Amino acid sequence: MSDLGSSAVAELPLFPLSTVLLPGGRMGLRIFERRYLDLIRDTMRNQQSFGVVWLAEGGAEVLKPGERQATLAQIGTEAHIADWDQLPDGLLGVVVEGGRRFQLASARQDDTGLYIGEVSWLTEQEDIALPSRSTELHELLQQLGSHPHVQRLGMQLNVETAGALANSLAQLLPLPAADAYQILGIDAPLARLDALHDILDALSS
């Protein structure tokens with residue numbers, strides 16, 4: 001798992017979700033709360049990014065009056081807006097792509113309820129070429145790439161490295177969020193791929 005060997009602390013607006021965003025992965029979001037509409041507007045206007053953090057312990061994405069604050073996971077992912085559109089139901093839809101990982105030092109809520117995190121960027125290990133034993137996983141990724149939903153996301157699936165393969169599969173497969181978060185927290189690219197293989201073996205059995 002990641003340690004605190006990270007770079008300088010920065011301030012980042014946060015978007016807590018019940019799912020996990022991985023580096024290089026993409027996901028679609030439906031935006032309807034005012035605080036997140038403002039966040040998306042400001043992000044696009046200023047060409048900035050925000051952080052996606054997993055809601056640990058089953059917290060609610062939409063915080064209702066009187067409910068306790070969410071429990072945010074310790075590690076999150078920087079999100080860049082890759083595309084946006086108005087959905088058939090009239091809501092704003094955005095596609096975000098995962099960037100750098102970060103360690104969440106602390107978080108507070110502003111007057112609108114938006115979480116603001118103090119984060120430090122995690123140092124990434126250099127990715128390595130795909131090992132020969134990853135052939136089946138690579139073929140699985142290519143199969144997923146033919147799905148219309150995956151094609152709409154526009155993810156880059158022509159991956160040639162272990163970490164990128166693990167991230168892409170963990171993003172697209174219907175894994176439990178805790179398993180995807182486990183993958184997110186592993187620094188070594190080959191260890192990340194091996195962990196994904198173990199998770200898939202456990203699920204298939």
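A salt bridge, as the term is used here, is a side-chain nitrogen of Lys or Arg within 4 Å of a carboxyl oxygen of Asp or Glu. Arg41 forms such a bridge with Asp38, with the closest N and O atoms 3.5 Å apart.

Before I continue, some remarks on the basis of these values. This is a predicted model, in which local features need pLDDT of at least 70 and side-chain atom pairs count only at pLDDT 80 or more, while totals for chains, interfaces and linings use all residues. Residues are numbered from 1 along each chain as its sequence is written, and side-chain values use heavy atoms, with hydrogens and water left out.

Let me turn to the overall architecture. The protein chain has six helices and six strands; helices (H or I, at least four residues) and strands (E, at least two) are DSSP runs, numbered from the N terminus. Their order from the N terminus is β-β-α-β-β-β-β-α-α-α-α-α. Of the 205 residues, 47% are buried, where buried means under 20% relative accessible area, exposed over 50%, and partly exposed in between, with a 1.4 Å probe and protein chains only. Among contacts (heavy atoms within 4.5 Å) with a separation of 6 or more, 70% are between residues 24 or more positions apart.

I return now to the salt bridges, of which the structure holds ten. Arg41 and Asp38 are three residues apart in helix 1, and are therefore separated by about one helical turn. Arg41 is partly exposed, with a relative accessible area of 38%. Asp38 also meets Arg34 in a salt bridge, at 3.3 Å from N to O. Those two residues are four apart in helix 1, so about one helical turn separates them. Arg34 is exposed, at 56% relative accessible area. Through shared partners, salt bridges join Arg34, Asp38, Arg41 and Asp42 into one network.

Which parts of the chain does the bridge between Arg26 and Glu97 tie together? The side chains of Arg26 and Glu97 meet at 2.6 Å, N to O. Arg26 lies in strand 2 (residues 26–31) and Glu97 in strand 5, so the pair ties together parts that are 71 residues apart in sequence. Arg26 counts as buried at 19% relative accessibility, whereas Glu97 counts as partly exposed at 29%.

My last topic is the aromatic residues. The structure holds four aromatic pairs. Rings of Phe, Tyr and Trp (its six-membered ring) pair if their centres lie within 6.5 Å; planes under 30 degrees apart count as stacked, over 60 as edge-to-face and the rest as tilted. Phe15 and Tyr36 have ring centres 4.1 Å apart and planes at 15°, so this pair is stacked. Phe15 lies in strand 1 and Tyr36 in helix 1 (residues 34–45), so the pair ties together parts 21 residues apart in sequence. Both are buried, Phe15 with a relative accessible area of 6% and Tyr36 with 4%. Ring pairs link Phe15, Tyr36 and Phe50 into a cluster. Beyond its neighbours within four places in sequence, Phe15 is in contact with several residues, including Leu29, Ile31, Leu39 and Val52.

A further pair, Phe102 and Trp121, is edge-to-face, at 6.0 Å centre to centre with 85° between the planes. Phe102 belongs to strand 5 (residues 92–109) and Trp121 to strand 6 (residues 115–122), 19 residues apart. Both Phe102 and Trp121 are buried.
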